Structure formats: structure tokens, C-alpha cells
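The stops below go from single residues to the whole chain.

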Amino acid sequence: FYPKDATPGCTQEACSLRDAYALFREQGIEIVGISYDSPQSHAHFKQKYHLPFTLLSDSTREVAKAYGAY
């Protein structure tokens with residue numbers, strides 16, 4: 001879970017995960033980012049920073065609540 005697409009902290013973290021993505025995959029780890037942003041915002045963020053992992057929109061905040069990630 002992360003707060004918002006394209007903010008300085010989230011962008012830095014997403015790019016770090018992108019850069020290490022192959023190492024995670026070698027270990028059988030799949031990365032999925034979830035935030036309250038729209039699918040369109042995710043598509044732009046993913047394209048702009050060449051993110052190889054899935055970004056999911058939790059606009060209703062139900063998933064965040066289920067995981068205790070407010």
C-alpha cells in the first residue's frame with residue numbers, strides 16, 4: 001500500500017522497487033502496489049516511470065481497511 005501516485009516519496013520507492021524487480025522475481029516475490037488513486041492515474045504513473053509491476057486502485061478503501069492499511 002502506498003499513499004499516492006507521483007508524490008516524491010512514493011515515486012522514489014516505486015523506482016527502487018522497479019530497479020530491484022528482477023531480484024524480487026528471482027526469489028519468487030511478486031510486487032503489487034495499491035493506493036486510492038484511479039486506474040488512469042496508475043496507468044500514467046506506471047508508464048512515466050516504466051514500472052513493471054501491477055498497480056491496483058482501491059478507490060473505495062475496502063482493501064486497505066481489510067489489511068489495516070489506512
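Select Ile-31 and display what surrounds the residue. Leaving aside neighbours within four places in sequence, Ile-31 is in contact with Leu-17, Tyr-21, Phe-24, Phe-53 and Thr-54; contact means heavy atoms within 4.5 Å. Ile-31 sits in the loop between helix H2 (21-26) and strand S1 (32-35). Helices (H or I, at least four residues) and strands (E, at least two) are DSSP runs, numbered from the N terminus.

Is Ile-31 buried or exposed? With a relative accessible area of 9%, Ile-31 is buried. Buried means under 20% relative accessible area, exposed means over 50%, and partly exposed lies in between, using a 1.4 Å probe and protein chains only. For a distance to draw in the viewer, pick the C-alpha atoms of Ile-31 and Ala-14: they are 17 residues apart along the chain and separated by 10 Å.

A note on the coordinates: this is a predicted model, in which local features need pLDDT of at least 70 and side-chain atom pairs count only at pLDDT 80 or more, while totals for chains, interfaces and linings use all residues. Residues are numbered from 1 along each chain as its sequence is written, and side-chain values use heavy atoms, with hydrogens and water left out.

Next, select Ser-35 and Asp-37 together. Ser-35 is in strand S1, and Asp-37 is in the loop between S1 and helix H3 (39-49). Which contact joins their side chains? The side chains of Asp-37 and Ser-35 are joined by a polar contact of 3.0 Å. A polar contact is a pair of N or O atoms within 3.5 Å; within protein, one must be able to donate a hydrogen and the other to accept it, and residues adjacent in sequence count only if both atoms are side-chain atoms.

Ser-35 counts as buried at 2% relative accessibility, and Asp-37 is buried at a relative accessible area of 8%. Now show the surroundings of the pair, again without residues up to four places away in sequence. Ser-35 touches Tyr-2, Pro-3, Asp-5, His-42, Leu-56, Ser-57 and Asp-58. Asp-37 is in contact with Pro-3, Lys-4, Asp-5, His-42 and Ser-57.

Two backbone stops follow. Select Ala-6, in the segment before helix H1 (8-19). Phi of Ala-6 is near 65 degrees, a positive value in a residue other than glycine. Then go to His-50, in the loop between H3 and strand S2 (54-57). His-50 also has a positive phi for a residue other than glycine, near 55 degrees. His-50 is exposed, with a relative accessible area of 63%.

Finally, zoom out to the whole protein chain and colour by secondary structure. The chain has four helices and two strands, in the order α-α-β-α-β-α along the sequence. The radius of gyration is 12 Å, close to the 11 Å that the globule rule gives for 70 residues, so the chain is as compact as a globular protein of that length. That radius is taken over C-alpha atoms, and the globule rule is 2.2 Å times the number of residues to the power 0.38. Along its principal axes the C-alpha trace spans about 30 × 25 × 20 Å.

Of the 70 residues in the protein chain, 27% are buried. Among contacts with a separation of 6 or more, residues 24 or more positions apart account for 55%.
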